[in-house]
Amino acid sequence: MPGPTVGPTDDTSTASPQNASPQTASAQTAAAETSSTAASAGAAPLAGSGRATIAVLGGLAALGPLTTDLYLPGLPAIADDLVAEPAAVQLTLTFSMFGVAAGQLLFGPLSDRFGRRPPLLVGLAVYTLSSVVCVVAPNLPVLTAARFVQGAAGSAGLVIGRAVARDRFQGVAMLRFLASIALISGLAPILAPIIGAQLLRFTSWRGTFGALTALGLLLTLAAFGALRETLPPRARNGGGVGAALRTIGRLLRHLPFLGLALTSSLAFGALFGYISGSSTVLQHVYQVSPQTYSLLFGLNSVSIVVMTQLNGRVLAPRFAARSLMLAGLGAAVAAGVALVLLTAVWDFGLAGFCPPLFVLMGSLGVVLPNTAAQALSLVEPQTAGTASALLGTGNFLCGAVVAPLSSLGGRPSAVLLAVVVLGCGMLALTAYVTLCRPGRLREAAG
């Protein structure tokens, strides 16, 4: 199995079958045929109805964030009902995020080995069953274990959806397809707590997991009916666990891919630092009402969704991917600098806290889809699942580490949140500039 290869530019690339071993030549040929078909088709539908496919894949991509965030408003009720300490109940969130991260490392290689459909359907079935366990959990240890399994199984849709995009599209067409999915899934981690709070008006925290059970069953049926296989047998990776580990090793040693993965993870860290810290900072530090907080949260969600769509449909066809990445990362760093200055140096209150966050969210609407598209363009279709898994795992691990930083010392702090955003932005820019230099990409292509 060959390592990741880079095309002639950083915008659009295909894998070359030259110097491939005889055992992988047929797989690369089939992959090239698949890519050629996709390129000639542009942004044509994947299978069946294009809109139905995008809707299902968007729902699958949103499943992981919904699983992580939907029940957050019910955490105090869980502590009361199961007679547990609030800190112990928080572990159900941590284990869910670790499950999403670990599950992608499982389902990504499996989708390269067995095709996209079988692992996806198995993951959705396990997700639905684990959600049922959450509904009836008699104590906190059972709930925590079920949350880990639920997060891991739910990650199948997230990782396999990106691999499907690599199977069928390249370059700008891939960005457009990812933008279409992001239009559906991009609001999930932001709106999930709001939806969860509304559910608690009519049901208990167990009813929240009942809603996730129903969603899992619905997506299982939709995926079974609407999604067909996108990775033909000849293009699959025939190796076992050892081959998957070797692929992971090759990807991590491939500096441009590693640079893009680190850039994506650190940018996601800035996003999750905002998501996890803004609630307590806005309501406890700046004393805004829950209604005002929801409004501000919604405005920022509009920023990232609009920029994601603008990037995929307007900017990407007109500008080089590197230019867009540098502009997006530069805007994220500038937002972090402004946030630090307007909270730590000059205290402008709420008026100084919110505008930089709006700019930050918009910049991530450019950075995150471009890093995913560029990174997946560096690999062959038969390793796209593993590559997608590494991207997603890095994102959620970084998010899990960054989440508590804005409340270090036991008290929410706008300054700490600003430092987290700035630090993640600067590290992301550094990773991209140092590891994804144009010369290094050209050397990899040769």
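Is phenylalanine 268 buried or exposed, and at what relative accessibility? Select phenylalanine 268: at 14% relative accessibility, this residue counts as buried (buried means under 20% relative accessible area, exposed over 50%, and partly exposed in between, with a 1.4 Å probe and protein chains only).

The model is predicted, so local features need pLDDT of at least 70 and side-chain atom pairs count only at pLDDT 80 or more, while totals for chains, interfaces and linings use all residues. Residues are numbered from 1 along each chain as its sequence is written, and side-chain values use heavy atoms, with hydrogens and water left out.

**Whole chain**

Show the protein chain as a cartoon: there are 17 helices and zero strands (DSSP runs numbered from the N terminus, with helices being H or I of at least four residues and strands E of at least two). Of the 446 residues, 55% count as buried. Among contacts with a separation of 6 or more, 85% come from residues 24 or more positions apart (contact means heavy atoms within 4.5 Å). Switch to a surface: the chain exposes about 17500 Å², and carbon and sulfur atoms supply 69% of that area (Shrake-Rupley method with a 1.4 Å probe; for residues, only the protein chains shown count as cover).

**Aromatic pairs**

The structure holds five aromatic pairs (rings of Phe, Tyr and Trp, the last by its six-membered ring, with centres within 6.5 Å; planes under 30 degrees apart are stacked, over 60 edge-to-face, and the rest tilted). Select phenylalanine 268 with phenylalanine 272: the ring centres are 6.2 Å apart and the planes stand at 25°, so this pair is stacked. The two residues are four apart in helix H11 (residues 255-285), and are therefore separated by about one helical turn. Both phenylalanine 268 and phenylalanine 272 are buried.

Phenylalanine 396 counts as buried, at 7% relative accessibility.

Next select Tyr71, Trp205 and Phe209, which form one aromatic cluster. Arginine 113 lies over the face of phenylalanine 114, at 4.9 Å from the ring centre.

**Helix H14**

Select residues 350-377. Helix H14 has 28 residues and spans 41 Å from its first C-alpha to its last, close to the 40 Å expected at 1.5 Å a residue (1.5 Å times one less than the number of residues). A kink of about 25° is centred on leucine 364 (the angle between axes fitted to the seven residues ending there and the seven starting there). H14 is mostly covered, with 23 of its 28 residues buried.

**Alanine 389**

Alanine 389 is found in helix H15 and counts as buried at 1% relative accessibility. The C-alpha atoms of alanine 389 and leucine 105 are separated by 5.1 Å, although the residues are 284 apart along the chain. Leaving out residues up to four places away in sequence, alanine 389 touches Gln104, Leu105, Gly108, Pro109 and Val159.

**Valine 83**

Finish at valine 83, in the loop between helix H3 (75-81) and helix H4 (86-114). At 73% relative accessibility, valine 83 counts as exposed. Valine 83 has a positive phi of about 50° although it is not a glycine. Most residues other than glycine have a negative phi.

Technical notes. A charge sits over a ring if NZ of Lys or CZ of Arg is within 6 Å of the ring centre and within 35 degrees of the ring normal.
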